[in-house]
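My remarks follow as numbered points, to be read beside the coordinates.

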Amino acid sequence: MGDEQRFGDFVAVRRHGDEGVVAELVLDRPQAMNAVSSAMARSIGAACEALGADRSVRVVVVTSSSERAFCVGADLKERNSFSDAELVRQRPVARAAYTGVLELPMPTIAAVHGFALGGGFELALACDLIVADESAVVGLPEVSVGVIPGGGGTQLLPRRVGAARAAELIFSARRVEAQEAGRLGLVDQVVEAGRDRAEALALAARIGGNSPVGLRAAKRALRVGYGLDLRAGLEVEDAAWRSVAFSGDRAEGVAAFNEKRAPQWPGE
């Protein structure tokens, strides 16, 4: 493990591997089960901005330092103290945290255990992949407190499980335990209790062995092309292909394959 970099009191970034190609973004407010306060939201946004600009990072894993939860969502105690004007001013701060994770240009994996509710589950949904352990409980219960999922949930959940299933989960505000979450596609992998972080980091290491140029281009094609008609989606794919076809990574990858050796990616 490499050095730890702090972003305020509640977020840390750690680097893994010999070259530090895997970055771990740690939600680190365990005393509040990572309830997202304004300060924590700013820290998540700042950490994502730094990670997105770092070309040496190939994969990001979002983890939690709390034993009981990945993240329980918005800090409702803080929200309860807001005037209407303060809530309006806080909204861009909260949005920046969720869009910061969503717009990371490299593959992202959430390592989920315990509660991942409301905005906490939305942080996981903003990742490309979700690894959950058997203790995980996920859900979007916002309508039960008079609001709606506002961190991307109404848009990201149907993209995972379809419109009708997303509607049932959001309208009912129900919590879903790990095994059912796996069956419904709310999470991608269910692992033994206590293994979510280790398994997510192992998956990240496998992904991180691939071309950083290829990984970013593949993610861009997947994200931009999803939801378009096939013809438009294929044009998105072609543009992504053209962005990598003449790269140093492509040349190194082909050479390494023919020379039967591990590639040394230039990352450009």
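1. How much space lies in the largest pocket? The model is a predicted one, and in it the largest pocket holds about 780 Å³ of space. The lining of this pocket comprises 28 residues, and those closest to the centre are Ala 74, Leu 76, Arg 79, Glu 142 and Val 147. Two or more lining residues come from each of helix 2 (76-80), helix 3 and helix 4 (119-125), and among the elements helix 3 gives the most, with five residues. Sorted by class, the lining of the largest pocket has 13 nonpolar, seven polar and eight charged residues.

2. The second largest pocket, for which the computed volume is about 540 Å³, has a lining of 15 residues, and Cys 127, Asp 128, Leu 222, Arg 223 and Tyr 226 are the ones that lie nearest its centre. Helix 5 (153-161) and helix 9 (212-225) each supply at least two residues of this lining, with helix 9 giving the most, namely five residues. By class, ten residues of the lining of the second largest pocket are nonpolar and five are charged, while no polar residue is counted.

3. Which residues line the largest cavity? Its lining is made up of Phe 121, Val 138, Gly 139, Leu 140, Leu 157, Leu 169, Arg 174, Val 176 and Leu 186, and these divide into seven nonpolar, one polar and one charged.

4. Turning to the helices, helix 3 (residues 84-102), which gives five residues to the lining of the largest pocket, also packs with helix 1 (residues 38-52), and the axes of the two come within 8 Å and cross at roughly 40 degrees. That angle makes helix 1 oblique to helix 3, and the crossing in which helix 1 passes helix 3 is left-handed. On the helix 1 side the contact involves Ser 38, Ala 41, Arg 42, Ile 44, Gly 45 and Cys 48, which meet Gln 90, Val 93, Ala 94, Ala 96, Ala 97, Gly 100 and Val 101 of helix 3. By class, the residues in the contact of helix 1 with helix 3 are eight nonpolar, four polar and one charged.

5. Helix 5 and helix 6 (residues 163-172) pack at an angle of about 130 degrees, and their axes are 7 Å apart. This makes helix 5 oblique to helix 6, and their crossing is right-handed. Gly 153, Thr 154, Leu 157, Pro 158 and Val 161 of helix 5 make the contact with Ala 163, Arg 165, Ala 166, Leu 169 and Ile 170 of helix 6, and the class count for the contact of helix 5 with helix 6 is seven nonpolar, two polar and one charged. Two of these contact residues, Leu 157 of helix 5 and Leu 169 of helix 6, also line the largest cavity.

6. Are helix 9 and helix 10 roughly parallel or roughly antiparallel to each other? Their axes come within 9 Å and cross at roughly 165 degrees, helix 10 spanning residues 230-245, and the two helices are therefore roughly antiparallel to each other. Helix 9 passes helix 10 in a right-handed crossing. The residues of helix 9 that take part are Val 213, Gly 214, Ala 217, Arg 220, Ala 221, Val 224 and Gly 225, and they meet Gly 233, Val 236, Glu 237, Ala 240, Ser 243 and Val 244 in helix 10. The contact of helix 9 with helix 10 divides into seven nonpolar, four polar and two charged residues, and helix 9 also gives five residues to the lining of the second largest pocket.

How values were computed:
Residues are numbered from 1 along each chain as its sequence is written. This is a predicted model: local features need pLDDT of at least 70, side-chain atom pairs count only at pLDDT 80 or more; totals for chains, interfaces and linings use all residues. Side-chain values use heavy atoms; hydrogens and water are left out. On a 1 Å grid over the protein atoms alone, a cavity is a set of points where a 1.4 Å probe fits but cannot get out, and a pocket is an open set with protein on both sides within 12 Å along at least five of seven lines; lining residues have an atom within 4 Å of a point. Ala, Val, Leu, Ile, Met, Phe, Trp, Tyr, Cys and Pro count as nonpolar, Asp, Glu, Lys and Arg as charged, and the others, Gly among them, as polar. Axes are lines fitted to C-alpha atoms, for helices over the stretch in contact, and angles run from 0 to 180 degrees between N-to-C directions. Helices (H or I, at least four residues) and strands (E, at least two) are DSSP runs, numbered from the N terminus. Angles under 35 degrees count as roughly parallel, over 145 as roughly antiparallel, 65 to 115 as roughly perpendicular and the rest as oblique. A crossing is left-handed if the near helix is turned anticlockwise from the far one by less than a right angle, and right-handed if clockwise. Contact means heavy atoms within 4.5 Å. Grid points are joined across faces, edges and corners, and a volume is the space filled by probe spheres set on the points.
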